[in-house]
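Please keep the sequence and the model in view while reading.

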Amino acid sequence: MLKVIARRAFGLAIVLAIVGAMVFFLTRLAPGDPAALMLGDQASAEDIAKLRETYGLDRPVLVQFGLWLKEVFSGNLGHSIFLQRPVTQALAERAEPTFFLAVFSLLIAACIGIPAGIASAVWRGRMADQAISGFAMLAANIPSFWLGLIFIQIFSVRLGLFPVAGYGSPDAGLLERLRHLLLPASVLGIVNSALITRFTRASMLDVLDADFVRTARAKGLPERKVILRHAFGNALVPIVTVLGLTLALLIGGAIVTETVFGLPGIGNLVVSAVLRRDYPVIQGALLVVAAIYVLINLAIDVLYTLIDPRVRM
Amino acid sequence: MESAPLLEITDLSVTFRGEAGESTPVRGVSLSVNANETHAVVGESGSGKSVTSLAVMGLLPKASSRISGGAIRYRRRDGLTSDLAHASDGEMRRLRGAEIAMIFQEPMTSLNPVLTIGEQIAEAVRLHLGYDRARAKARAVEMLALVEIPDAARRADDYPHHMSGGMRQRAMIALAMSCNPALLIADEPTTALDVTIQAQVLKLIDRLRLETGMGVLFITHNLGVVAEIANRVSVFYAGEVVESAEKRPLFHAPRHPYTRALLDCLPARAKRDENNRRILNPIPGQVAPVKAGCGFAPRCVHARAWCHEVAPALEAEDGRVIRCHRWQEVA
């Protein structure tokens, strides 16, 4: 177990190194210059050069990379060019909505997808299965921005149940902030439930015909126990995998939904940073998201060992 | 001497619906199992022996199959008789595992890989005997010891993948025996095991039968196993019982041409009888569903024209039944 974690931690370091290098050089390959963008059309070449010097953008790229690495290793992701504060601070400010949105959405997606997938597999080929598969197909293909707009129209504008957008005033209580998240989380939950439904269905179908499920029935267990304890218990590995990947995707990329609902999350931060070529912010955010990705994968692996004794060493 | 058999299957037919239409892999099967008796069902794969056992357990796939005729009368512990062919799901569930237990062919896949052996046995015990957690666990250990698994207390916490095939089949038997069943259905329980392990498992089942007085319905394709364990034998061919007799008369004086051919294929017998050794005719391609005539006729060396046209009825003679037009001539 410890060996596994140690090996994965090593993997984490390598992934982060690769991501760091790629992010650093790729962002600089994109045309555009933060100094020019900051100063606007009227700026003289002299002013731009001066600003570039301030941020060290005039130095050779490799030197910049070396300086950045040095910073990163001391736990400092640099200083935002536009936001006038450290990248870590900017990220921390934006982390909460993104984190809660991701967790919330995943919960909703799992609460829809897992029971739907189980029901679909158990009643395979019947009406319920076809209805659920049809719903999943629909959910997978609905653009989240469209569903978001529809939800805002119905639940916020018409019914007035939820705020239209935003994350509440900065001093709003946690409950008030979570209320702002309910609609966007429902949108993401529904859209992401499709994949979970399909994985759960496929995984359950694999095990429902297994010999040990027949053994469970031969014991005289009620069907509910046969399905939930014996079949579902063995179908969990792929389901946990897809849950983890969905969470990682949600943390890294709920950009469209954050935009539609005006949530001040990481997605929004990254988009504006890209538009302004705010290199330190792009680099820092992507590095953090990559780290979270790897950590979630590590958590999935640890969960495997809890679910399936055959994985334990 | 028991008055009525423990299990009495009469004229059982099972029909499957498939893409190619309906098929009836079990047609008019009758057999009975007494308490403290092992009734072996022997036949090739596809002869309907496993389907018959699943019908008794009520484990036929509901979506694609149904019992299309006959009755499965089971004499319950409370003295009443249930017809398992028409029992409700609830009634079947109360009997399964509690009074009628089953062990399967594949010990490697028949146990749940994510639960310990002890948990899987305890689950049945808690369900049917109403034991609490601790007592059920103790019962599981006791059962594992009963099936001669060494160091049972420790083994109860093992997962199936920690065990060898023979060990897992013992654990399956422990699970099946845990609620003191009156009837044990063993569907090819030794087929997937090494020969030496086979013998041990057969001995174990026979010992448990003697100790508990349960009836055993033993499904196999292996006549060597039948010789070892059976009191009574029913030979299945193409979904029908073609011959049923006590073991001794069946082995010494087989009546049905198929039984005779099967016995002639046994190596020991073939050697003894080198000169007039008969080999079973090969299967004539895909066996078409039997429309008329004897199901075995296409492979029978004794078949005459009418064998292909008129289905033989079961004839009784001196404690045995034979389904053949010509058994008296060829025997």
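## Contact between the chains

In chain B, 22 residues are in contact with 19 residues of chain A, where contact requires that the C-beta atoms of two residues, placed from the backbone, lie within 7 Å. Two elements give two or more residues to this side of chain B: helix H2 (89-95) and helix H3 (117-129). H3(B) provides the largest share, four residues. Helices (H or I, at least four residues) and strands (E, at least two) are DSSP runs, numbered from the N terminus.

By class, the side of chain B that touches chain A has eleven nonpolar, six polar and five charged residues. Here Ala, Val, Leu, Ile, Met, Phe, Trp, Tyr, Cys and Pro count as nonpolar, Asp, Glu, Lys and Arg as charged, and the others, Gly among them, as polar.

## Basis of the model

The model is predicted: local features need pLDDT of at least 70, side-chain atom pairs count only at pLDDT 80 or more, and totals for chains, interfaces and linings use all residues. Residues are numbered from 1 along each chain as its sequence is written, while chains are lettered from A and ligands numbered from 1 in the order in which they are written.

## The sheet of chain B

Chain B contains an open sheet of eight strands in the order E6-E7-E8-E3-E9-E10-E12-E11, with mixed pairing. Two strands pair if DSSP finds at least two bridges between them. Strand E6 (100-103) and strand E11 (315-317) stand at the edges, each with a single partner strand, so one side of each has no neighbour in the sheet.

Strand E3 (residues 38-42) of chain B pairs in the parallel sense with E8(B) over five bridges and with E9(B) over four bridges. His39(B) has Leu217(B) as its bridge partner in E8(B) and Arg232(B) as its bridge partner in E9(B).

## Strand E9

Strand E9 (residues 232-237) of chain B is mostly covered, with six of its six residues buried; a residue is buried if 20 or more other C-beta atoms, placed from the backbone, lie within 10 Å of its own, exposed if 12 or fewer, and partly exposed in between. Arg232(B), Ser234(B) and Phe236(B) point one way, and Val233(B), Val235(B) and Tyr237(B) point the other way. In a regular strand the side chains alternate between the two faces of the sheet.

E9(B) and strand E10 (residues 240-246) of chain B run antiparallel and are joined by six bridges. Ser244(B) in E10(B) is the bridge partner of Ser234(B). The hairpin of these strands has two residues between them, and Ala238(B) takes a positive phi near 50° there.
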